[in-house]
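Here are some friendly notes to read alongside the model.

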Amino acid sequence: MTEMTVSETRRIVYDDGAVRGFVWASVFWGLVGLLVGLLIALQLSFPVLNFDTSFLTFSRLRPLHTNAVIFALVGNMMFAGIYYSTQRLLKTRMASDLLTKVHLWGWQLIILGAALTLPFGITQSKEYAELEWFLDIGVVLVWVAFAVNFFWTLAIRNEKNLYVAIWFYISTILTIAVLYIVNNLALPVTGTKSYGAFGGAQDALTQWWYGHNAVAFFLTTPILGIMYYFLPKAAGRPVFSYRLSIVHFWALVFIYIWAGPHHLLNTALPDWAQSLGMLFSLMLWAPSWGGMLNGLLTLRGAWHKVRTDPVLKFFVAGVTFYGMSTFEGPLLSIKSVSALGHYTDWIIGHVHSGALGWNGFMAAGMFYWLVPRLFGTKLHSTKLADFHFWIGMMGILLYVASMWVSGISQGLMWRAETAEGALQYPEWNEILNSQQMMYITRSIGGGLFVLGWLMMVVNLVFTAMAGKRTNVEVEVTVMKPIAREAVPGAWSLIKSRPVIVAIVGMVAATMFGMPNIGLAVVGLMMLLAIIAFVAGMLYNSTAKGQHRWHEYIEQRPLAFSVLTLVAILVGGVYELLPGIVTDKEVPLAANGQRCVEPYTALELTGRDLYVREGCYVCHSQMIRPFRSEFLRYGPPSRLEESMWDHPFQWGSKRTGPDLARVGLKYGASWHWDHMFDPRAVSQESIMPAYPWLYDNVAESGIAADKMRVLKKLGVPYTDEQIQSAEADYRTQADQVVADLAQNGKTDAAADREIVALIAYLLRLGRNLEPADGTRSASIEGGK
């Protein structure tokens, strides 16, 4: 055994001021995000609530709602929990008060920036990554400040071993940095406009590699770390199984990163990528439920406390919702289930069971536990907290159940056919409005959740007013070894036998997981990789009676961080590299002309207006290879049709119909009437009107700059096209205006935004290959 001697006793004052700041920020921004969510839910039943105002439309407010809930409510809650628990687990104050303040106030400025840009259409139109390039730079700088402060604190810690919560924090910091930087690579056009580095299928794959893992490593892993700290504290019990927490962590971190393509099932994405995402999504069942059971079984011997303690009520319900969400997610990743549920309200219900049930309830439980301690007093009202729990629970159940019913009904009605083989429900609004009762129920459920949140705000404010701000001061005894056994260094641990075994398993999985190998072999090798990886983590690399390998690595933050980074990079590189490095080959007709031409200056301007107005929020541009979709929309979409799209517009929700072939269905005058007053065209439409498009002058002067940037990104614009962009813009706009005039729209002006948008909508569906079917053999690293 190692002999220890007391080196010194240090008095440490924890920085709880930052924790208080993040708590109040989460409570405030959370209320804002929830109220915006309630408004947009009501807009789906009462379109008048769009107020014919650009910055209040559903399509512009929904990204604000999602960003506020993810990055403001959960983000600030996560930082509060990390700062509070890290200092106590490492027995030291955060390394830099300055970096802590930069993190706290920098993050709030970014959230404020999102609130001042997204409603005004300044967006990249990527889900969970809508912020434009100048805000992205701010996010990266603030995240770097957070990371430096965190790892610096690890370096000066007074506790040698890293507790399981710290493992999850490390994985969050490293993975989010990789995800955010790669997915948001872009070239600016103006101060508020940029184009992403990836386009078409490459962009789709990169975006959902990011989008899926933002859920994993921003909404899941840090909250699991918080669960591992605060749940045992609240229950007064140790974590159920240390060994299970090891398996939970490494399996989750390694598997999660591969599962992004399950958001693109049944699309034009190559089958191998879809199957890979589905396979790893199904594997996620095991580690996810292992973590849930580890949390719930921690309450063994303390279940009686749940009856009287609202904190434990929220934690138990939150962990249970985590289990439900992580069961439903892999279920939805099965191709046949996805065929029914994708694009429907079922996905909305799934997302909100996690966001409200898992994240929302874990946040409430943590706040009820934290705030009394941060202000040296007792919770103002336990009964009010209990009432919050039950009314919030009722709200979540109404919300999720209504979306399950609505989503499954939509999926069945979309595909329903008559005995003659025609669509049974050809009218889109007939299907949509048949779900209005479920939409009203969803709004009631959301309203109840907001009401519960307001109760919490009142309870926490009165609790804070009853006490005073306190910073905990503790004495820490620092132990120094005087006869210490040899502990391997970071590099020795990284190249040790467990890591080598794990790497061999991962390399074998990669070799046998190439697209031309059978899925049975792929599945077998991936499973062997996971077994090898987990076995390596638990491998006893020393003689009996001495430390296990994992106990060593817990003492080496550098080695631990490197191995975590390797675990997440393996899946990311394998998933993204084929599509990124393969050159795009443009399909050619028999006469040598391209089948897919880039957008004209006018169409490109219209496409950017489509993005600005958030049309992607409600409309997809991806026809799946199903008979019902062929009958409703036309031939299935192909990869090359969107190869010049920066960003891609395949969509993730169909509140309105798919638009991939809309240019072949309606003329300019129909779009003119529909955008001005949707209910004049279809009485049951819930789409907002866009009257400002008829008054605003389009930014035609920067079309050439846009084309110049896109050329750098691989779009095949010629120098002649760029030089003549403004003249070509006017010529095509005049043609659209002439078409409108022939149909009685004599007040159309060529310089208005609506003309550019109509030109883009008329283009959709015209990127079809020639009649002879000539095509390239390889498209974007696909088949």
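1. A definition to begin with: rings of Phe, Tyr and Trp (its six-membered ring) pair if their centres lie within 6.5 Å, with planes under 30 degrees apart counted as stacked, over 60 as edge-to-face and the rest as tilted. One aromatic cluster is formed by Phe 22, Phe 71, Phe 79, Tyr 83, Trp 107, Trp 143, Phe 146, Phe 150, Phe 151 and Phe 218.

2. Please keep in mind that this is a predicted model, where local features need pLDDT of at least 70, side-chain atom pairs count only at pLDDT 80 or more, and totals for chains, interfaces and linings use all residues. Residues are numbered from 1 along each chain as its sequence is written, and side-chain values use heavy atoms, leaving out hydrogens and water.

3. The structure holds 53 aromatic pairs. One of them, Tyr 84 with Trp 369, is edge-to-face, at 5.9 Å centre to centre and 85° between the planes. Tyr 84 belongs to helix 2 and Trp 369 to helix 13 (residues 345-374), so the pair ties together parts 285 residues apart in sequence. Helices here are DSSP runs (H or I, at least four residues), numbered from the N terminus. Tyr 84 is buried, at 6% relative accessible area, and Trp 369 is buried at 9%; buried means under 20%, exposed over 50%, and partly exposed in between (1.4 Å probe, protein chains only).

4. Trp 369 also has the charged end of Arg 373 over its ring, 3.9 Å from the centre. Arg 654 lies over the face of Tyr 343, at 4.2 Å from the ring centre. The criterion is NZ of Lys or CZ of Arg within 6 Å of the ring centre and within 35 degrees of the ring normal.

5. What about the nonpolar cores, meaning sets of buried Ala, Val, Leu, Ile, Met, Phe, Trp, Tyr and Cys residues joined through side-chain atoms within 4.5 Å? The largest has 172 residues, and Trp 107 and Phe 367 have the most contacts inside it. Helix 2 (residues 58-90) gives the most to this core, with 17 residues. Apart from it lies another core of 49 residues, including Tyr 690 and Tyr 729.

6. Two backbone spots deserve a look. Most residues other than glycine have a negative phi, and most peptide bonds are trans. Phe 51, in the loop between helix 1 (16-43) and helix 2, has a positive phi of about 60°. The peptide bond from His 646 to Pro 647 is cis, with omega near 0°; Pro 647 sits in the loop between helix 23 (627-633) and helix 24 (668-676).

How values were computed:
Helices (H or I, at least four residues) and strands (E, at least two) are DSSP runs, numbered from the N terminus.
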